Amino acid sequence: MELARPTPLRLESLSLNDVLRELLELHDEQLTAQKVRPVLDFAPDLPRILGDSKRLHRCLGNLVTNALQAMPQGGTLTVQTSRVEATLRPGEGATPAIQVQVRDTGVGIPADRLSKIFDPFYTTKEKGLGMGMAIAHRIIEDHRGTVDVESTLNAGTTFTLCFPIQASV
(Lines give C-alpha, C1' and ligand atoms only; values in the text may rest on other atoms or scores of the structure.)
Protein backbone atom coordinates (compact mmCIF):
# COMPACT_ATOMS: atom_id res chain seq x y z
CA MET A 1 0.00 0.00 0.00
CA GLU A 2 2.86 2.36 0.78
CA LEU A 3 4.03 2.25 -2.83
CA ALA A 4 0.59 2.34 -4.43
CA ARG A 5 -1.05 4.97 -2.23
CA PRO A 6 1.55 6.74 -0.11
CA THR A 7 0.27 9.11 2.55
CA PRO A 8 1.59 12.68 2.60
CA LEU A 9 4.89 13.25 4.36
CA ARG A 10 4.76 14.79 7.83
CA LEU A 11 7.65 17.16 7.33
CA GLU A 12 9.59 18.65 10.19
CA SER A 13 13.00 20.19 10.56
CA LEU A 14 15.33 17.41 11.70
CA SER A 15 18.91 16.32 12.08
CA LEU A 16 19.90 13.26 10.08
CA ASN A 17 22.63 12.60 12.65
CA ASP A 18 19.95 12.35 15.36
CA VAL A 19 17.77 10.07 13.22
CA LEU A 20 20.75 7.77 12.57
CA ARG A 21 21.79 7.69 16.25
CA GLU A 22 18.25 6.68 17.28
CA LEU A 23 18.10 4.03 14.58
CA LEU A 24 21.44 2.50 15.49
CA GLU A 25 20.47 2.38 19.17
CA LEU A 26 17.47 0.28 18.15
CA HIS A 27 19.81 -2.17 16.38
CA ASP A 28 22.42 -2.25 19.17
CA GLU A 29 21.53 -5.73 20.48
CA GLN A 30 21.49 -7.21 16.99
CA LEU A 31 24.84 -5.61 16.14
CA THR A 32 26.36 -7.11 19.29
CA ALA A 33 24.78 -10.53 18.78
CA GLN A 34 26.07 -10.74 15.20
CA LYS A 35 29.53 -9.43 16.09
CA VAL A 36 29.08 -6.45 13.78
CA ARG A 37 31.20 -3.47 14.78
CA PRO A 38 29.44 -0.14 14.17
CA VAL A 39 31.61 2.76 13.03
CA LEU A 40 29.83 6.10 13.26
CA ASP A 41 31.43 9.02 11.46
CA PHE A 42 28.96 11.89 11.76
CA ALA A 43 29.94 15.35 10.56
CA PRO A 44 29.32 17.82 13.37
CA ASP A 45 26.98 20.79 13.02
CA LEU A 46 25.22 19.56 9.89
CA PRO A 47 22.35 21.71 8.67
CA ARG A 48 18.88 20.30 9.18
CA ILE A 49 16.65 18.87 6.47
CA LEU A 50 12.90 18.79 6.04
CA GLY A 51 11.92 15.21 6.61
CA ASP A 52 9.41 12.75 7.89
CA SER A 53 11.27 11.08 10.76
CA LYS A 54 9.12 7.91 10.74
CA ARG A 55 9.64 7.34 7.04
CA LEU A 56 13.35 8.11 7.25
CA HIS A 57 13.64 5.60 10.11
CA ARG A 58 11.94 3.01 7.91
CA CYS A 59 14.15 3.78 4.91
CA LEU A 60 17.43 3.83 6.82
CA GLY A 61 16.29 0.87 8.91
CA ASN A 62 15.88 -1.18 5.73
CA LEU A 63 19.46 -0.35 4.75
CA VAL A 64 20.81 -1.32 8.18
CA THR A 65 18.76 -4.54 8.27
CA ASN A 66 20.01 -5.54 4.83
CA ALA A 67 23.58 -4.76 5.86
CA LEU A 68 23.22 -6.98 8.95
CA GLN A 69 21.77 -9.79 6.85
CA ALA A 70 24.76 -9.50 4.51
CA MET A 71 27.16 -10.05 7.45
CA PRO A 72 25.99 -13.25 9.19
CA GLN A 73 29.55 -13.97 10.38
CA GLY A 74 30.17 -10.44 11.64
CA GLY A 75 31.92 -7.49 10.08
CA THR A 76 31.83 -3.71 10.12
CA LEU A 77 28.89 -1.39 9.54
CA THR A 78 30.01 2.16 8.80
CA VAL A 79 27.50 4.99 8.84
CA GLN A 80 28.86 8.35 7.75
CA THR A 81 27.33 11.78 7.23
CA SER A 82 28.79 14.83 5.52
CA ARG A 83 27.85 18.04 3.81
CA VAL A 84 28.33 17.88 0.03
CA GLU A 85 27.39 19.56 -3.21
CA ALA A 86 25.20 17.12 -5.13
CA THR A 87 23.10 17.06 -8.26
CA LEU A 88 19.69 16.06 -6.96
CA ARG A 89 17.71 16.61 -10.18
CA PRO A 90 18.79 15.73 -13.73
CA GLY A 91 19.74 18.82 -15.68
CA GLU A 92 20.19 20.97 -12.58
CA GLY A 93 23.45 22.04 -11.05
CA ALA A 94 24.88 20.86 -7.78
CA THR A 95 23.22 22.15 -4.61
CA PRO A 96 24.10 21.87 -0.91
CA ALA A 97 23.03 18.50 0.48
CA ILE A 98 23.52 16.11 3.35
CA GLN A 99 25.10 12.83 2.33
CA VAL A 100 24.55 9.62 4.28
CA GLN A 101 26.64 6.55 3.51
CA VAL A 102 25.78 3.12 4.87
CA ARG A 103 28.64 0.70 4.19
CA ASP A 104 28.93 -2.96 5.16
CA THR A 105 31.69 -5.54 4.81
CA GLY A 106 29.25 -8.27 3.82
CA VAL A 107 28.78 -10.65 0.95
CA GLY A 108 28.04 -7.96 -1.64
CA ILE A 109 25.51 -7.88 -4.44
CA PRO A 110 26.28 -9.51 -7.81
CA ALA A 111 26.59 -6.98 -10.64
CA ASP A 112 23.73 -8.57 -12.62
CA ARG A 113 21.36 -8.04 -9.66
CA LEU A 114 22.42 -4.53 -8.68
CA SER A 115 20.15 -2.75 -11.17
CA LYS A 116 17.09 -4.66 -9.86
CA ILE A 117 17.36 -4.08 -6.10
CA PHE A 118 14.90 -1.15 -6.07
CA ASP A 119 12.28 -3.01 -8.14
CA PRO A 120 9.11 -3.92 -6.22
CA PHE A 121 8.86 -7.65 -5.44
CA TYR A 122 12.48 -8.34 -6.41
CA THR A 123 14.20 -10.38 -3.72
CA THR A 124 17.01 -12.85 -3.34
CA LYS A 125 15.87 -13.94 0.12
CA GLU A 126 13.79 -17.04 0.84
CA LYS A 127 11.42 -15.21 3.17
CA GLY A 128 11.63 -11.74 1.64
CA LEU A 129 8.79 -9.93 -0.08
CA GLY A 130 11.05 -7.69 -2.15
CA MET A 131 9.47 -4.50 -0.87
CA GLY A 132 12.05 -3.12 1.59
CA MET A 133 14.38 -1.53 -0.95
CA ALA A 134 11.53 -0.41 -3.22
CA ILE A 135 9.95 1.39 -0.25
CA ALA A 136 13.31 2.85 0.79
CA HIS A 137 13.82 4.18 -2.73
CA ARG A 138 10.35 5.73 -2.75
CA ILE A 139 10.96 7.42 0.63
CA ILE A 140 14.24 8.90 -0.60
CA GLU A 141 12.55 10.23 -3.75
CA ASP A 142 9.66 11.64 -1.69
CA HIS A 143 12.28 13.62 0.26
CA ARG A 144 13.69 14.93 -3.07
CA GLY A 145 16.84 12.93 -2.47
CA THR A 146 18.97 10.51 -4.44
CA VAL A 147 20.43 7.07 -3.78
CA ASP A 148 23.35 5.28 -5.38
CA VAL A 149 24.70 1.84 -4.60
CA GLU A 150 28.09 0.24 -5.17
CA SER A 151 28.89 -3.34 -4.34
CA THR A 152 31.75 -5.79 -4.62
CA LEU A 153 31.24 -9.50 -4.07
CA ASN A 154 32.73 -10.71 -0.79
CA ALA A 155 33.80 -7.16 0.10
CA GLY A 156 30.56 -5.32 0.84
CA THR A 157 28.04 -2.75 -0.28
CA THR A 158 27.80 1.03 0.07
CA PHE A 159 24.55 2.97 -0.21
CA THR A 160 25.02 6.71 -0.71
CA LEU A 161 21.98 8.90 -0.07
CA CYS A 162 21.79 12.67 -0.57
CA PHE A 163 19.07 14.93 0.82
CA PRO A 164 18.59 18.62 0.10
CA ILE A 165 19.39 21.00 2.94
CA GLN A 166 16.35 22.91 4.15
CA ALA A 167 16.58 25.66 6.73
CA SER A 168 12.94 25.83 7.83
CA VAL A 169 9.60 24.05 7.74
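Let's start with a pair of helices. Helix α1, residues 16-26, packs with helix α3, residues 53-69, at an angle of about 55 degrees, and their axes lie 10 Å apart. This is a predicted model, so please read every value here as computed from it. Angles from 65 to 115 degrees count as roughly perpendicular and those under 35 as roughly parallel; α1 and α3 are therefore oblique to each other. Their crossing is right-handed.

Which residues of α1 and α3 make the contact? On the α1 side they are Leu 16, Val 19, Leu 20, Glu 22, Leu 23 and Leu 24. Helix α3 contributes Leu 56, His 57, Leu 60, Gly 61 and Val 64. Sorted by class, this contact of α1 with α3 holds eight nonpolar residues, two polar ones and one charged one.

## The five-stranded sheet

Next comes the sheet. Five strands form an open sheet in the order β2-β4-β5-β7-β6, and the pairing is mixed. At its edges are β2 (36-42) and β6 (146-152), each of which pairs on one side only. From one strand to the next, the twist averages 15 degrees.

Inside this sheet, β4 (residues 75-86) and β5 (residues 95-104) run antiparallel and are joined by 10 bridges.

## The β6-β7 hairpin

Strands β6 and β7 also run antiparallel, with seven bridges joining them. The hairpin of β6 and β7 has three residues between the strands. In this hairpin, Asn 154 takes a positive phi, near 60 degrees.

## Helix α5 and its cover

Helix α5 spans residues 132-142. Which residues of α5 are buried? They are Met 133, Ala 134, Ile 135, Ala 136, Ile 139 and Ile 140. The cover over these buried residues of α5 includes helix α3 together with strands β6 and β7.

After α5 comes Arg 144, whose phi is positive and near 60 degrees.

Conventions
Residues numbered from 1 in each chain as written. Predicted model: local features only at pLDDT ≥ 70, side-chain atom pairs only at ≥ 80, totals over all residues. Heavy atoms only, no water. Axes fitted to C-alpha atoms, helices over the stretch in contact; angles between N-to-C directions. Helix = DSSP H or I, 4+ residues; strand = E, 2+ residues; numbered from the N terminus. Parallel < 35°, antiparallel > 145°, perpendicular 65-115°, else oblique. Left-handed = near helix turned anticlockwise from the far one by under 90°. Contact = heavy atoms within 4.5 Å. Nonpolar A, V, L, I, M, F, W, Y, C, P; charged D, E, K, R; others polar. Pairing = 2+ DSSP bridges. Buried < 20%, exposed > 50% of the residue type's maximum accessible area, 1.4 Å probe, protein only.
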